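The following note sets out some points for a colleague to check against the model. Please keep the sequence and the structure at hand while reading.

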Amino acid sequence: MKIAVIGLGYVGLPLSIQFARSRVNVLGIDVDSKKVELLNKGQSYIKHVEASAIAELVDCRKFSASTDFSLIKQVEAVIICVPTPLTKNREPDISFIVETGRLIAPHLTRGVLVVLESTTYPGTTDEDLRAILEHGSGMKAGSDFHLAFSPEREDPANEQSKVKKIQKVVGGYSPVCLERATALYRRAIETIVPVSSCRVAEATKLLENIFRSVNIALVNELKLVYGAMGIDIWEVIEAAKTKPFGFMPFYPGPGLGGHCIPIDPFYLTWKAREHGEHTRFIELAGEINTRMPDHVVHRVADALNAQQKPIKGSRILVLGLAYKPNVDDERQSPSYVLMDLLEQRHAKVDYYDPYVPVIKPTREHSQFVGRRSVEWTQATIANFDIVLIATNHSSVNYQELADWACCIVDTRNAMASIPSASGKVWKA
Ligand SMILES: NC(=O)c1ccc[n+]([C@@H]2O[C@H](COP(=O)([O-])OP(=O)(O)OC[C@H]3O[C@@H](n4cnc5c(N)ncnc54)[C@H](O)[C@@H]3O)[C@@H](O)[C@H]2O)c1
């Protein structure tokens, strides 16, 4: 069997590898020719995707990459994993899906299966994508070609989270579409969870991400409330987590980041309006989570104040640019918001992140492009008035940080295991 995976990013690349390892011939397609070139040389551009895994599959011709969409003619199934961001006005931007649909439609052959994996609002597959594919191919979904939605559940850098082991929800445009999509994923993934429609599958992914966003907002709010009472939220969560049923720990932080949790809930908000419904939980969670960087900046100001220093002119090191520990993905990272807020107050801000040596162009915060991580040395770290821990990478030596830094503002409870640091740590 030969399939195409379109969009070779954090989702599409691991998925391609899993299919290729399952003896499916995989053609990876991306509009980014640099990525295609690297992959065909057996190289990786994602920290937790091993180059050796790619090289092995390229060598045995199970995987190759291309920018040429006409090669779609040769495949039996196409899986779409392109980005789904928000516009500046925080509305869904499905232009990448639309563009992909336009590019593949003329090359679809009879009987081919098209599956969308990008996170999106219910109706994208059977309304928006279907219309584009039918128009561009002159064929009908459900009879001439098959159409399905299956959300990705990638958890980058989580060692336990292997693509093969994560149950895969699949919804089809028709019962036959579902059957075809289920058969495809069975080749590479152990457990498939069929649902009654593409819309149910789309809504499932949104529920999963909204669940996280709302629960993170809850602990972020409790952090402020308990903090005012002199109670440490981290200690409370550790205690609550001993309950063997009905509780699941979520942790506070400096704000939401990444490509999913800050964005996906608003796909539903937008679609709900079309049906005259409001998503109050989602909006409240968004409001609380987006206020977190302001709270952190207040704590930085308090910590500086205690040293008789103003924010203006103070040297602040933001530790961790990636939005979560042990990844190199800094999209939508709250660290950028913190850097921005501190620079607006005329602080002198640098960052340290072993996985982001230089800031690449991003849609937001373009003012930071080209900045480089500082070196991890005693002389450098001791030179800052504050080290602000925004991301708790496990490769950082927190004992050295405790020994070298003069003051630490910790948004991740990263210093909890270093008792000698307690006098200089401000939790935020
Ligand atoms: N990153 C995650 O952990 C994660 C988890 C679950 C779901 N998702 C969802 O999966 C989707 C993809 O996310 P990602 O993190 O892999 O994004 P990404 O930005 O890492 O990768 C997307 C890739 O698509 C390519 N691309 C863009 N337009 C294209 C086009 N028209 N044709 C071909 N290639 C194109 C880009 O060059 C890029 O390589 C999103 O909808 C996201 O919400 C992501």
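Of the 27 residues around the ligand, which come nearest?

1. The model under discussion is predicted. In it, the residues that come nearest to the ligand are Val 11, Asp 30, Lys 35, Thr 84 and Thr 119, out of 27 around it.

2. Thr 84 places a polar side-chain atom 2.5 Å from an oxygen atom of the ligand. For Asp 30, a polar side-chain atom lies 2.6 Å from a ligand oxygen atom.

3. The shell has 12 nonpolar residues, eight charged residues and seven polar residues. Helix α4, which spans residues 95-104, gives the most to this shell, with three residues.

4. His 259 lies in the loop between α8 (233-240) and α9. Setting aside residues up to four places away in sequence, His 259 touches Pro 83, Thr 84, Pro 85, Asp 264 and Arg 331. One of these, Thr 84, is also among the residues that come nearest to the ligand. His 259 and Tyr 323 are 64 residues apart in sequence, while their C-alpha atoms are 9.3 Å apart in space.

5. How do helices α7 and α9 pack, and at what angle? Helix α7 (residues 198-228) and helix α9 (residues 265-274) pack at about 115 degrees, and their axes are 8 Å apart. Angles of 65 to 115 degrees count as roughly perpendicular, and therefore α7 is described as roughly perpendicular to α9. On the α7 side, the contact is made by Leu 206, Ile 210 and Ser 213. On the α9 side, Pro 265, Tyr 267 and Leu 268 take part. By class, the residues of this contact are five nonpolar and one polar, with no charged residue.

Terms used
Residues are numbered from 1 along each chain as its sequence is written. This is a predicted model: local features need pLDDT of at least 70, side-chain atom pairs count only at pLDDT 80 or more; totals for chains, interfaces and linings use all residues. Side-chain values use heavy atoms; hydrogens and water are left out. Axes are lines fitted to C-alpha atoms, for helices over the stretch in contact, and angles run from 0 to 180 degrees between N-to-C directions. Helices (H or I, at least four residues) and strands (E, at least two) are DSSP runs, numbered from the N terminus. Angles under 35 degrees count as roughly parallel, over 145 as roughly antiparallel, 65 to 115 as roughly perpendicular and the rest as oblique. Contact means heavy atoms within 4.5 Å. Ala, Val, Leu, Ile, Met, Phe, Trp, Tyr, Cys and Pro count as nonpolar, Asp, Glu, Lys and Arg as charged, and the others, Gly among them, as polar. A residue is near a molecule or strand if one of its heavy atoms lies within 4 Å of it. A polar contact is a pair of N or O atoms within 3.5 Å; within protein, one must be able to donate a hydrogen and the other to accept it, and residues adjacent in sequence count only if both atoms are side-chain atoms.
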